[in-house]
Amino acid sequence: MMSGAPAVRVSIESSCERQVQEVSLDGLETYAPPLSMSQNLAKLAQRIDFGQSSDEDEDGPERDSREQWSKPEAEEDEGMVKFQPSLWPWDSVRNNLRSSLTEMCVLHDVLSVLKDKKYMTLDPVSQDPSVGKTPQVFQLLSKKKSLATAAQLLLRGAEKLTKSVVENQEQRRQRDFNSELLRLRSQWKLRKVGDKILGDLSYRSAGSMFPHHGTFEVIKNTDLDLDKKIPDDYCPLNVQIPSELEGSAYIKVSIQKQSPDIGDLGTVNLFRRQAKAKPGSQMWHLKLEAAQNVLLCKEIFAQLSREAVQIKSQIPHIVVKNQIISQPFPGLQLSISLCHSTGEKKNQRASPDKSKPDDHLYVLEHNLHQLIREFHKQTLSSVVMPHPASAPFSHKRLRMAGPMAYDKAEISSLQQSEGLLEKIIKQAKHIFLRSRTARTIDSLASRIEDPQIQAHWSNINDVYESSVKVLITSQGYEQICKSIQLQLNIGVEQIRVVHRDGRVITLSHQEQELQDFLLSQMSQHQVHAVQQLAKVMGWHVLSFSNHVGLGPIESIGNASAITVASPNGEYAISVRNGPESGCKVLVQFPRSQAKELPKSDVVQDGKWTHLRGPYKEVHWGRMEGRNFVYKMELLMAALTPCP
C-alpha cells in the first residue's frame with residue numbers, strides 16, 4: 001500500500017447466494033436450493049482425509065499459520081527469516097493431543113450414529129468380482145430407459161406434426177376440389193343425389209327426345225401421393241362418364257359416283273374433334289366435350305335412321321348397321337355413317353385415313369348444328385305452346401268454309417314438315433350441284449382461251465341456293481365487250497340463269513346442259529363483240545341475228561351472224577359463228593375491184609359498177625392477232641379507206 005494515500009474501504013461479498021442449476025430453452029434460470037445443516041456437515045465430512053499422517057497434520061496448520069502471519073511481514077521486510085521456532089516447548093504435544101481428541105470425538109459420533117441405525121447403516125463389502133459389473137448393467141439399463149423415453153417423446157411429437165401436415169393437405173385438397181367443382185358447375189349442369197354429384201351431358205333442356213340419359217359422375221381425385229411432389233397437371237377432381245360415350249365419334253358423309261364425272265365431292269368427316277389440350281383447360285373438360293360430341297353424333301344418326309325408314313321416296317333409303325345409303329341423283333350415292341372409336345382401339349391401331357385440313361365442310365357442319373337446334377326447338381314449342389279449343393291461331397282460310405277454304409290436300413301439304421334427313425339430302429344436292437357447276441366453269445376456262453370466261457362467286461349464300469356471276473370477255477377488250485353477263489342461281493335440283501336483259505332460263509342438274517349453254521353463250525359473245533367493235537371503228541351494222549335459220553344445223557344451240565359495212569359503203573364483212581362449226585368470215589369487195597365479173601345484158605348503166613360484188617372467204621387461221629376481236633379490228637382497219 002502506497003504511503004500517504006488515503007485508506008479505501010472495500011466490501012467483499014459473495015456474487016450469488018445460490019448457484020444456477022439449469023437454464024431452460026425459454027431463458028428461465030433454475031437455482032439450486034441452499035444446503036441444510038446435515039447436508040453441509042456431510043459436505044464438510046467428505047473433505048476430511050483420514051489417511052493423512054500426524055506429521056503432515058502438524059506441518060499443515062502450523063505452516064498455514066506461519067505463512068498467514070509471515071506474509072505481511074515478508075511484504076514489509078523481505079530479508080527477515082520466515083521460520084521462527086516456537087516459544088513454548090510443549091506446543092507440539094498440545095497440537096497432537098488436540099488432533100487426537102478431535103478424531104476420537106468424530107469416531108464416537110460415528111459409532112453412536114451407526115448404533116442407533118436411524119441415520120446411517122453399514123453394508124458388508126463383497127469381494128466377488130461379478131458384483132463390480134452390476135453398476136455398469138444398471139447404467140446401461142438406465143441409459144436405455146432414458147433413450148426410450150426420449151424416443152417416445154420424439155415419436156409423439158412427429159405424429160402430431162404428421163397429423164397436422166395431413167390435415168393441412170386434406171384441407172387444401174378440399175379447397176381445390178371445391179374451387180374446381182365451382183368451375184365445373186359454371187359450365188355443366190350438376191345436381192347432388194345422396195352422397196354423389198351427378199351431371200348431365202344430354203340436350204334434354206334444349207328439347208331433345210333422345211332416350212340416352214347422358215349422366216356423368218364427379219369424383220374426388222385421391223390418387224395423389226403426399227410424399228411426392230404435386231405434378232403440374234394435377235386436378236383435384238375427375239369425371240366418370242358412361243362406357244358407351246367413351247372415345248371419339250364423328251359422322252362420315254361420302255358422295256360417290258358410279259361413273260367418273262366432274263364434280264365428285266369425295267368424303268368429309270363432320271363433328272370430328274381433335275383432343276388437343278388448350279392452355280388452362282383441365283382434363284375433365286376435354287373428356288366431357290368428347291362425350292357430349294359422341295352423344296350428339298348418336299342422336300343425329302338415330303334421328304336420320306328413323307326418318308330414313310319412315311320417308312317414302314322413289315329410290316328407298318337403305319339403313320344397314322351404322323350406315324345410311326341414299327341416291328339424291330341418278331348415279332350418285334350419298335352415304336352417311338356413324339364412326340365411333342374408343343381409346344383402346346385407337347391405341348391398338350392408327351386410323352389409316354387421316355383427314356386433311358382442307359377436307360372439311362364447315363358450312364355443312366354448321367348447318368347440321370342449326371338443323372338439330374331447329375328440331376329441338378320445334379319439339380319444345382309443340383309441347384309448351386297452348387292451343388285454344390275454339391279457334392286455333394292459324395291462317396284464316398283454314399277456319400272459313402266455302403269455295404275459298406283449303407281442301408284436304410292443301411291442309412296436309414301445309415302441315416307436313418321436312419325431316420332432318422330430307423334437309424341434309426337437299427343440302428347435299430345443293431353442295432354437289434354447286435361443286436359440279438364450279439368445275440364445269442373451270443374446265444371451260446382452262447380449255448378455251450378465246451373468249452375468256454370468269455366466275456365471281458358470292459360469299460353470302462343460302463343453305464339451299466348459291467349465286468355466281470359469269471362474265472364472258474375478250475382479252476384487251478373488256479371495256480367495249482360487256483354484252484354477255486349471266487347470273488347463275490344454283491338451287492337444289494336445277495340452275496336458273498338470268499340474262500342481262502332479264503330473260504330466265506332453267507337448266508337441270510345435268511352437267512351437259514350447263515356446258516352446252518355456256519358454249520352457245522361464248523359463241524354469241526364473238527358476234528356481239530363484232531357489233532360493239534363496229535360501233536367503235538365507225539362501221540355500219542347492216543344485219544344482226546342471234547339465231548340464224550340458214551346453213552348447217554348446230555348440234556349445240558344455234559349459230560349467230562352479223563354483217564357490217566365500211567364507213568364509205570365499199571366493203572362489207574359478214575361473220576357467222578356457231579358453237580360447233582366455229583367462225584366463218586366473208587368480205588365483200590366493190591365491183592370495180594372484181595377481175596372477173598359475169599357480163600349481164602340487164603345491167604348496162606355504169607353507175608351499177610359502184611355496187612359491191614361477190615363475197616370472198618377469209619382464211620381466218622392465217623390472220624395475225626392474239627384473239628378473234630383483235631383480228632377483226634385489224635381486218636376493219638385494213639378495209640377502212642384513208643382520209
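**Helix packing and the sheet**

Biologist: How do the axes of helix 5 and helix 10 cross?
Modeller: They come within 8 Å and cross at roughly 95° (axes are lines fitted to C-alpha atoms, for helices over the stretch in contact, with angles from 0 to 180 degrees between N-to-C directions; helices are DSSP runs of H or I, at least four residues, and strands runs of E, at least two, numbered from the N terminus). That makes helix 5 roughly perpendicular to helix 10 (65 to 115 degrees; under 35 is roughly parallel, over 145 roughly antiparallel, the rest oblique).

Biologist: And what should I keep in mind about the model?
Modeller: It's predicted, so local features need pLDDT of at least 70 and side-chain atom pairs 80 or more, while totals for chains, interfaces and linings use all residues. Residues are numbered from 1 along each chain as its sequence is written, and side-chain values use heavy atoms, leaving out hydrogens and water.

Biologist: Which residues of helix 5 and helix 10 meet?
Modeller: I300, Q303, L304, E307 and A308 of helix 5 touch L420, L421, E422 and I424 of helix 10 (contact is heavy atoms within 4.5 Å). Six of the residues in this contact are nonpolar, one is polar and two are charged (Ala, Val, Leu, Ile, Met, Phe, Trp, Tyr, Cys and Pro are nonpolar, Asp, Glu, Lys and Arg charged, the others, Gly among them, polar).

Biologist: What about helix 10 and helix 11, how do their axes cross?
Modeller: Helix 10 (residues 420–447) and helix 11 (residues 511–537) have axes that come within 10 Å and cross at roughly 40°, which makes helix 10 oblique to helix 11. R436, T437, T440, I441, L444 and R447 of helix 10 make the contact with E511, L514, Q515, L518 and L519 of helix 11. By class, that's five nonpolar, three polar and three charged.

Biologist: Switching topic: what order do the strands of the open sheet have?
Modeller: Four strands, 3-4-5-6, with antiparallel pairing (two strands pair if DSSP finds at least two bridges between them). Strand 3 (189–193) and strand 6 (237–240) are at the edges with a single partner strand each, so one side of each has no neighbour in the sheet. On average, neighbouring strands are turned by 35° against each other, direction ignored.

Biologist: How many bridges join strand 3 and strand 4?
Modeller: Five, in the antiparallel sense, with strand 4 covering residues 196–200. L190 stands opposite G199 in strand 4.

Biologist: Where does helix 5 lie?
Modeller: Helix 5 (residues 283–310) lies across strand 5 (215–220) and strand 6, at about 15° to strand 6.

Biologist: Last one: what follows helix 3?
Modeller: K117, with a positive phi near 55°.
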